[in-house]
Amino acid sequence: MNLKTKLLSAAAIICGTSVGAVELEVTHWWTSGGEAAAVSELAKAFTAKTDHTWVDGAIAGSGGTARPIIISRILGGDPMAATQLNHGRQSEELIEAGLMTDLTEIAEAGGWKDLVNPSSLLDSCTLDGRIYCVPVNIHSAQWLWLSHEAFATAGVDVPKDWHQFVAAAPALQKAGLVPLAMGQQGWQQNIAFGTLTIAIAGVEDWREVTVNKNAEVAAGDSYKSVFEAVADARELARDSKVQDWNLATNMVITGKAGGQIMGDWAQGEFQVAGQVADQDYSCLPGLGINQVLDTGGDAFYFPKIDDPEIHAAQLELAALLISPEVQVAFNLAKGSLPVRGDIDMSSANSCMQKGLEILASGGVLPSDDMSLSADTTTQIEDLMAEFWASDLSATEAQARYVDIIADAD
Amino acid sequence: MTDTSPLSAGTAAMTGPRGAKPKTRLSRRNIFLYGTLLLISVYYLLPLYVMVVTSLKGMPEIRMGNIFSPPVEVTFQPWVKAWSEACTGINCDGLSRGFGNSVRILIPSVALSITIASINGYALANWRFKGSEVFFTILIIGAFIPYQTMLYPIVILLREIGLMGSVWGLVLVHTVFGMPILTLLFRNYFTSMPEELFKAARVDGAGFWGIYFRIMLPMSLPIFVVAMILQVTGIWNDFLFGVIYTKPATYPMTVQLNNIVNSVQGVKEYNVNMAATLLTSLVPLVIYFVSGKLFVRGIAAGAVKG
Amino acid sequence: MDSAKRPNGLFRNKSAKIASIPMILTALVVFFGGTAWTVFYSFTGSRLLPKVKFVGFDQYERLWSSHRWMISIENLAIYGICSLVLTMVLGFTLAALLDRKIRFENTFRTIILYPFALSFVVTGLAWQWILNPDFGVQAVVRAWGWESFSFDPMNNPDIVIYGILIAGMWQGTGLVMVIMLAGLRGIDEDIWKATRVDGIGLVKTYVQVIVPMMRPVFVTALVIISSGIIKLYDLVVAQTNGGPGISSEVPAKYVIDYMFKAQNLGQGFAASTMMMVSVVIILVPWAYLEFGGKKRD
């Protein structure tokens, strides 16, 4: 059975009628160079393999800008046909309110349960045993990206872990470079904080605080050293004044900064700039200290629309997104990992291979999106934004962090 | 968003400038006067100058030079790119798509909001009924409530009447939020018109609509001009309602502008951003430069009279 | 006049009442209803969707213990007071200058007024660019030879709000000036003659005679400026997006971020209710005096 007949049969299960060509409006916030290249792979595949048209509804900014727009449209009764959302707790209430299309039947027809690896990705699409979203990629945030050019300029070796990086920082500064590139936005600073936590406090304490919301551990010594490390990192990023994450990545690409802590999506930017892993840049998952990655990622949701033709096309798109060809093309462009364990990713570069190895060896953690509510995340991001941009002491920041964790739900 | 609410104040009549007779020679007073004005003009013109100059430079020149130096090599490429090539996601058609949408949103919004507000103002000025002032007071207080407070209830309201996401939903929102200020403007204007006109028409047996169309409307050109300028600029410049209550197919130009400015692919292209900004501002700017004098006269008639 | 305009019968004014239906609906349903709805749900624990699950004053307690909210309030206070005072003084001074029978009055007036035609988003972007430390004012002054010159409000948490103030003033002074100018033109020529006869100095005339006479115009301008201040949002988003850190956050942005980004509607509604309460406290007495009273001239 080829893909198209599979899709058609999946659609036929639901509505039992022939499928007319429709336009599907798809919203997302993938607007950087690498992201736009990845999303056009999806659009291309959709146009080529089905009769329908992909109407692109990109919203620039970040998830923070796009989500209000997406959610108010769904609530307002004029939803898009499909939309990117980080899975996890963000969409629980929308599903509970019955605003999302149930994908269980095509998921069963496509055997998603056996395909999706790690299975936690599908679990966070599942509510009361029904499946409501298609995971499209795995993103992990715990990466340190290093510019070979910058370290060559400074005359030191490219570091192998975070400690070496900190030790090399003075040489970079002496050469007039910024040691750590950091976009001045709370979510980016929060990623750096989370990554340093896993590296310094260790996985156990991280899990205790983030998943179990244990405020005592958050107030303890291991987190104390985390906040001190962040305060040190803050000094390394003093002269990094850009806002957007990809502008910070650009500082690494052009050798103006030594490194950046950013998720694996930064990979796409290196690729667009024509750089080669291990030759122009290096990547250290888990900061080279703890070989674990979280497995957040993007997923597509399909708001309910009262039109059998659109409904059928929605299901076609859902099945297409998880198909092997699309998974390979999309994830290679985006620099993220595929959600299926059964496909050949040998064309991936050495950074992605590292990620795949960690994934295969089971060094995976749930992502923040799955453990913390958007409310808690926003508060932590506000705290991090303030901490990184001011002279707030590590002790004070930790005390406030403990308060947030204590109130988290 | 333009917040204008010219409110009632003392009486005024346009009779030209006041003060001492101008002296023709170059006195110390004149040097001080024109010197100050020139200095202030620099502050006001600087951003426009910088925007224009930056939009005409290539990226290498921007990175090297300072923002105030005129372009060494004039290029219109940023303008072309901003209008028709800049990308958001996989759509690479720049601002051009938003222009038509903005026009389609603008015309009905301006027409509807001014029509309703002028009738409101007329009723409030000449046909007051029990409770009319209470509604008006609520309306005026409404003008000061942050829009954010209203976003959510309006999503629900639009959903209930089935206009969410359509151009007409947005037209309705603009009409509602333009109403307080425009109503106030028209009310003040109609109140200042001679009482006798209205009385004479009543004696002749003219009714509510008769007086409105035959007497009030023909006499209220200045205030219509002010209302139109305020609404055109306010609605054209709106971002918040445009982004929340529409969808990509109907996004106005300001939303496209935001998309272009925030879609950074590789490096930030300041020249394209500035060209896009200027293109988006062109309509209200032209209106102001063309009708500045009328606007000032109208403000005097609508805002200060009362 | 009132007898002619205020027919007593219920039906004599039928057309006027019918014509006022849009206004009545807007006032009652949107402004009053929407506000009441928001206040009601601010006492619930609504997250992504509005839900009737009462939590008492919890949302307000959290709001007032939030660092970001306090910074937002403080920023709005600084911005508000500065922009109120400076816009009034500058607007009046400019109007007075233009009122001195100068040449090119139209040109100057257009130059000062045109920024008002631009949106806050545009204003924010333009000033962000001018205040950019690597290309803008700071770089230019340094290039002139003043190497130690430092003016970098976009990256300095202590002065960032003044960077926004500069942009906000640029956009808004023009309108205030036009209103002031209209007020000045309404001053009777005889007043000027009288002060000249009495030999009162120019500045003294303005401060002691003209300004008191223009009280209503000042009230108008005051209300216009303050209504803009509390809504401050677009400008901040475009110019700094609240940064660096959270040092240029404002209340309206707190509302939006908590409603949509944090998906905590209850918290956002509590914050917007607080904004509304402050508006009502300031406005109701004024609105009552201005429009609620029986007398008009």
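Which residues of α13(A) are buried? The model is predicted, with local features requiring pLDDT of at least 70 and side-chain atom pairs counting only at pLDDT 80 or more, while totals for chains, interfaces and linings use all residues. Residues are numbered from 1 along each chain as its sequence is written, and chains are lettered from A and ligands numbered from 1 in the order in which they are written.

Chain A contains 21 helices and 13 strands (DSSP runs numbered from the N terminus, with H or I over at least four residues for helices and E over at least two for strands). Its radius of gyration is 21 Å, close to the 22 Å given by the globule rule for 409 residues, so chain A is as compact as a globular protein of that length (the radius is taken over C-alpha atoms, and the rule is 2.2 Å times the number of residues to the power 0.38). The C-alpha trace of chain A spans about 70 × 45 × 35 Å along its principal axes. Of the 409 residues, 60% count as buried (20 or more other C-beta atoms within 10 Å of a residue's own; 12 or fewer make it exposed, and values in between partly exposed, with C-beta atoms placed from the backbone).

Helix α13 of chain A covers residues 221-236 and reaches 23 Å from its first C-alpha to its last, close to the expected 22 Å (1.5 Å times one less than the number of residues). Its buried residues are Y223(A), V226(A), F227(A), A229(A), V230(A), A233(A), R234(A) and L236(A). Seen down the axis of α13(A), these fall within an arc of 160 degrees, so they line one face of the helix (the arc is that of the directions from the helix axis to the C-beta atoms). On the other side of α13(A), D221(A) and E235(A) are exposed. The cover over the buried residues includes α9, α10, α20 and α21 of chain A, as judged by contacts (C-beta atoms, placed from the backbone, within 7 Å).

Two residues stand out for their backbone. Most residues other than glycine have a negative phi. L287(A), however, has a positive phi of about 55 degrees; it sits in the loop between β10 and β11 of chain A and counts as buried, with 23 C-beta neighbours inside 10 Å. K101(C) has a positive phi of about 50 degrees and is found in the loop between α5 and α6 of chain C. With 14 other C-beta atoms within 10 Å, K101(C) is partly exposed.

Note on methods
Two residues are in contact if their C-beta atoms, placed from the backbone, lie within 7 Å.
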